[in-house]
Amino acid sequence: MWIELWCDSLHAAGTPREKIFCHIAFTDQGLRKADASESYVEKVAFAPPEVAFSSAYRPGFSTYPEGATFKEIYAALAAHGSPGWISAEGTNVSPTSMPGEPTMETYLARTFNHGAVMTNVFAWGIGGEANRNSFFRKATENPEALSAYAKFLRGEYLVESAAHGFSASVFPEKMRKIQAALPGWVKNAERQAQATALMQKLQSLIKDKKWQEADKAADEMLALISGEQSK
């Protein structure tokens, strides 16, 4: 593999192997969607988790919090003996703009409390004044995030807060439940009309990146399906 050859050249130039890390991205959604006729790599165009583990370098991952990103990283690490690793890139928001962990402190704790030796927080100052309002920079530069960085630098323990309100890990699960249950639930014109109206509303909210409102609409859809199925 070319990356191992490159790492070998770094090592030959004097860089200790324990200070060489890779950077890959992978998603729990991709792992679930791949089927027997299509490999993980073909499905999501990302490297599989196994690529992060080599004698030539230590593991590093993108850690944008969407779906079960951290759970999948922890599982991959555990399967390979729980080595030290890095968050090679990430911040407390999904690239879709979907909110991440409840706080930046929680986001940092998801790495440092689970064996990470470094976390590279993305987007600080990127784009200058013209890009100050990007959702990446808002996640990285907001006052709560600054407090979290200061707490870490003081050597204090980082607390992993439970999700409240919108959850970037729970919302995708709600959408999967809707997609699985909806075809069997829609059996007559009345139900189809209800479902169409709600799904159009939900899809519009997702398109507009109004995640909290989309979450409530998903709850409404699930409640409708569950209520009708129980009758």
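User: What does it take for two strands to pair?

Analyst: Two strands pair if DSSP finds at least two bridges between them. In this predicted model, strand β1 (residues 60–62) is joined to β2 by 3 bridges, and the two run parallel. Serine 62 has glutamate 89 of β2 as its bridge partner. Between β1 and β2 the chain passes through helix α4 (residues 69–79), a right-handed β-α-β crossover.

User: Which strand does β2 pair with over 4 bridges, and in which sense?

Analyst: That strand is β3 (residues 116–121), and the pairing is parallel. Valine 121 in β3 is the bridge partner of glycine 90. Here the chain crosses from β2 to β3 through helix α5 (residues 104–112), and this β-α-β crossover is right-handed.

User: How should I read side-chain directions along a strand, and how many residues of β2 are buried?

Analyst: In a regular strand, side chains alternate between the two faces of the sheet. Strand β2 (residues 85–90) has 5 of its 6 residues buried, so the rest of the structure largely encloses this strand.

User: Turning to the helices, how does the span of α8 compare with the expected one?

Analyst: From first C-alpha to last, the 16 residues of α8 reach 22 Å, close to the 22 Å expected at 1.5 Å a residue. The buried residues in α8 include Phe171, Ile178, Leu182 and Trp185.

User: Which residues have the most contacts inside the largest nonpolar core?

Analyst: A nonpolar core joins buried residues of nonpolar type through their side-chain atoms. The largest has 20 residues, and those with the most contacts inside it are Phe171, Ile178, Leu182, Trp185, Leu202 and Met221. Two or more residues each come from α8, α9 (189–207) and α10 (211–229). The largest share, 7 residues, is given by α10.

User: What does isoleucine 178 touch, leaving out residues up to four places away in sequence?

Analyst: Isoleucine 178 touches Pro183, Met199, Leu202, Ala218, Met221 and Leu222. There is also a second, separate core of 15 residues, with Cys7, Tyr57, Ile73 and Trp85 among its members.

Definitions and conventions. Residues numbered from 1 in each chain as written. Predicted model: local features only at pLDDT ≥ 70, side-chain atom pairs only at ≥ 80, totals over all residues. Heavy atoms only, no water. Expected span 1.5 Å × (residues − 1). Buried < 20%, exposed > 50% of the residue type's maximum accessible area, 1.4 Å probe, protein only. Right-handed = clockwise from strand over helix to strand, strands pointing away. Core = buried A, V, L, I, M, F, W, Y, C linked by side-chain atoms within 4.5 Å. Contact = heavy atoms within 4.5 Å.
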